[in-house]
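Hi everyone, thanks for coming. Please have a look at the chain on the screen, and I'll walk you through it.

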Amino acid sequence: MNPNQGRALVLLAEGAEEMEATISVDVLRRASVEVVLAGIDGVSPVRCSRGVRIVPDVALADVTGSFDVVVLPGGKGGADRLAASPEVGVLLRAQAEAGRLVAAICAAPIALAAHGVFAGRRMTCHPSVREIVARHGKHEGDAVVIDGSLVTSQGPGTTFLFALTLVEMLCGVTTRDEIRAPMMLFS
């Protein structure tokens, strides 16, 4: 594998689904992607949807540089906070305008709707937010949906596929396969 195969910014908000955050970070780092875990409210530990506390690497307000992908974990509480954050809106619009990847899983696609990005694009989400997402984009029922620079997925059970899809897009099929095998994922 190459020493560095891109940069990823994973946003962390109170109420985030911890599986989606940690699996995404872990899988991307296994592929030698530089991952920055940014707390949207600072660097204090973030209480996730199941009570797990995760410490961000940096506050979103202190993030610098560009990223090949911005990842939005779901969890309804976290997704609501991503949707309500003006800073997240600025980041998503800049990422979309630059044609760089945005990846949202579970309930997080509601943030796309709230911030007016990727309207009319094909996307998927958790069934609990399907109506909101379907009003904003073209909802599809696949585990992972790719539409240009937008990648969406359904929820905790699809997180490995979601993260491996990002690895493939950033690093290629060979790297995806190299990191997938030792994880012993069922087919």
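Let's start with Ser66, which is partly exposed at a relative accessible area of 43%. For that word, buried is under 20% relative accessible area, exposed is over 50%, and partly exposed is in between, using a 1.4 Å probe and protein chains only. Before I go on, a word on the ground rules: this is a predicted model, where local features need pLDDT of at least 70 and side-chain atom pairs count only at pLDDT 80 or more, while totals for chains, interfaces and linings use all residues. Residues are numbered from 1 along each chain as its sequence is written, and side-chain values use heavy atoms, with hydrogens and water left out.

Back to Ser66, then. You'll find Ser66 in the loop between β5 and β6; those names come from DSSP runs numbered from the N terminus, where helices are H or I with at least four residues and strands are E with at least two. Leaving out residues up to four places away in sequence, Ser66 touches Arg7 and Arg100, and contact here means heavy atoms within 4.5 Å. What separates the C-alpha atoms of Ser66 and Ser153? The answer is 23 Å, for two residues 87 apart along the chain.

Side chains of opposite charge can pair when their charged atoms come close. The rule I'm using asks for a side-chain nitrogen of Lys or Arg within 4 Å of a carboxyl oxygen of Asp or Glu, and by this rule there are nine salt bridges. Arg7 has one with Glu34, where the closest N and O atoms are 3.4 Å apart. That pair links distant parts of the chain, with Glu34 in strand β2 (residues 34-39) and Arg7 in strand β1 (residues 7-12), 27 residues apart. Glu34 is partly exposed at 33%, and Arg7 is partly exposed too, at 21%.

Next up is the salt bridge between Asp57 and Arg29, at 3.1 Å from N to O.

One more pair: Asp147 and Arg121 meet in a salt bridge at 3.3 Å, N to O. Asp147 lies in strand β10 (residues 144-147) and Arg121 in the loop between α4 (109-114) and β8 (122-123), so this pair ties together parts 26 residues apart in sequence. Buried or partly exposed, which is Asp147? At 17% relative accessibility, Asp147 counts as buried, whereas Arg121 is partly exposed at 23%. And there's a network here: salt bridges that share partners join Arg121, Arg122, Glu140 and Asp147.

Okay, now the inside. A nonpolar core, for us, is a set of buried Ala, Val, Leu, Ile, Met, Phe, Trp, Tyr and Cys residues joined through side-chain atoms within 4.5 Å. The largest one has 32 residues, and those touching the most other members are Leu12, Val27, Leu28, Val71, Phe162 and Leu166. At least two residues each come from β1, α1, β2, β6 (69-72), β7 (101-105) and α6. Which element gives the most to this core? That's α6, with six residues. Take Val71: not counting residues up to four places away in sequence, its contacts include Leu9, Leu28, Ala103 and Phe162. There's also a second, separate core of 31 residues, including Phe67, Val117, Phe118 and Val133.

Moving on to helix α7 (residues 173-180), the buried residues there are Thr175, Arg176 and Ile179. They span an arc of only 105° around the axis, taken from the directions from the helix axis to the C-beta atoms, which puts them on the same side of α7. These buried residues pack against α1 and α6 (159-171).

Last topic, the cysteines. How many disulfides do we get, counting pairs of cysteine sulfur atoms within 2.5 Å? By this rule, zero disulfides. For Cys48, the closest cysteine sulfur is in Cys106, 12 Å away, which is too far for a bond. Cys48 is buried at 3% relative accessibility, and Cys171 is buried at 15%.

Key:
A disulfide is a pair of cysteine sulfur atoms within 2.5 Å.
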